[in-house]
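Here are my notes on the fold, for your review. Please read them with the structure open.

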Amino acid sequence: MRGSLRLSRGVRRTLKGAREVESLGSLSIAPSTDSVVVVTGAGSGLGQALAVLLAERGCRLALVDIDDSSLAATTAALPPGVESLQLRVDVADSTAMRECALSVEERFGRVDALFNNAGVVGPVGLAWEMSVPDWNWVLGVNLLGVANGVRSFVPMMLRHGSSGLIVNTASVAGLIATPFTSIYTASKHAVVGYSEALQQELVAVGSAIRVVVFAPGEVLTDISKGYRSRPPGVEWDAEQQESTTRALAQSLRNGISPTTAAERLIAALDADSMYALTHREFLPAMRQRLGLVEAGGR
Ligand SMILES: NC(=O)c1ccc[n+]([C@@H]2O[C@H](COP(=O)([O-])OP(=O)(O)OC[C@H]3O[C@@H](n4cnc5c(N)ncnc54)[C@H](O)[C@@H]3O)[C@@H](O)[C@H]2O)c1
């Protein structure tokens with residue numbers, strides 16, 4: 001009983017705070033000068049574009065990626081004079097992520113924002129032909145990677161004060177189902193649900209940490225070559241590598257640039273939105289899905 005009384009006080013305090021913020025108009029929750037920001041999957045695509053934009057806003061950066069050479073490429077793309085730390089970490093490895101958080105705390109003393117961006121698509125094919133190693137790989141990076149980020153950095157944010165920002169990269173594929181990438185679709189739906197639960201829990205304990213779901217549509221990145229970072233045990237023959245790369249590259253061919261996508265995310269943070277979409281043209285499909293749920297139809 002005592003626990004639930006404390007909780008409801010926390011909720012009341014947060015809701016009061018939220019009303020006060022609302023009455024001031026929407027305040028940006030985007031990181032700004034001197035913010036300490038962690039970006040996972042920072043070596044390529046969206047992560048790299050975000051790192052550059054955040055550096056231009058004066059942030060200090062912890063760049064996390066499984067691939068050393070990509071980290072070096074992102075570091076080289078940053079404006080001169082930006083303070084940054086490069087950490088070669090597999091986000092699916094909970095111990096490595098905890099050590100990563102300690103390294104960031106040791107270097108910067110705190111964390112203001114965490115962008116859980118690292119992700120892989122995995123194989124393209126029929127759901128019943130997906131292998132268990134592929135499931136473990138894609139869920140390990142896309143879902144457990146996000147949870148590892150939260151488990152490692154949120155306690156630090158809570159210890160250092162109640163504000164903070166967690167941006168979890170889902171996808172349009174987390175809000176509507178896309179065929180032939182069933183593991184990816186499952187992982188991204190899970191990221192959306194996980195993020196919503198996380199936000200509710202932070203409110204329940206009286207924290208002002210904001211959780212944002214980033215759901216890009218097609219963005220022209222190297223994600224079609226993601227099999228390159230697959231762990232040992234995920235066996236793909238040359239034909240599977242080729243067909244998956246071709247199918248993904250084809251589906252992204254009209255995509256927007258990573259910089260445009262990252263700018264749309266920052267604009268959503270400036271408006272304190274919880275859901276950041278890059279392609280509003282997918283909204284009718286999301287409404288249609290809800291309509292089907294209501295009607296119980298097919
Ligand atoms: N490109 C798109 O069209 C698109 C659309 C929707 C969502 N997304 C999401 O955006 C995020 C970024 O993807 P991207 O398109 O920039 O892809 P990308 O392949 O260009 O970049 C992903 C980065 O993540 C890193 N990475 C992979 N596995 C990792 C691991 N286990 N630990 C740490 N780092 C790891 C890679 O080395 C790479 O640098 C992903 O979560 C992806 O699902 C992308």
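1. Which residue in β3 is the bridge partner of Val-64? Leu-87 is that partner. The model is predicted, so treat the pairing as a computed assignment.

2. β2 covers residues 60-65. β2 pairs with β3 in the parallel sense, over five bridges.

3. The length of α4 checks out against expectation. The helix has 15 residues and reaches 21 Å from its first C-alpha to its last. That is close to the 21 Å expected at 1.5 Å a residue.

4. Which residues of α4 are buried? They are Met-97, Cys-100, Ala-101 and Val-104. Seen down the axis of α4, these buried residues fall within an arc of 100°, so they line one face of the helix. They pack against β1, β2, β3 and α5 (132-160).

5. The face of α4 turned away from the buried side carries exposed residues: Thr-95, Leu-102 and Glu-106. Note that a leucine is on this list.

6. What follows α4? Gly-109 does, and its phi is positive, near 85°.

Technical notes
Residues numbered from 1 in each chain as written. Predicted model: local features only at pLDDT ≥ 70, side-chain atom pairs only at ≥ 80, totals over all residues. Pairing = 2+ DSSP bridges. Helix = DSSP H or I, 4+ residues; strand = E, 2+ residues; numbered from the N terminus. Expected span 1.5 Å × (residues − 1). Buried ≥ 20, exposed ≤ 12 C-beta atoms within 10 Å, placed from the backbone. Arc of directions from axis to C-beta. Contact = placed C-beta atoms within 7 Å.
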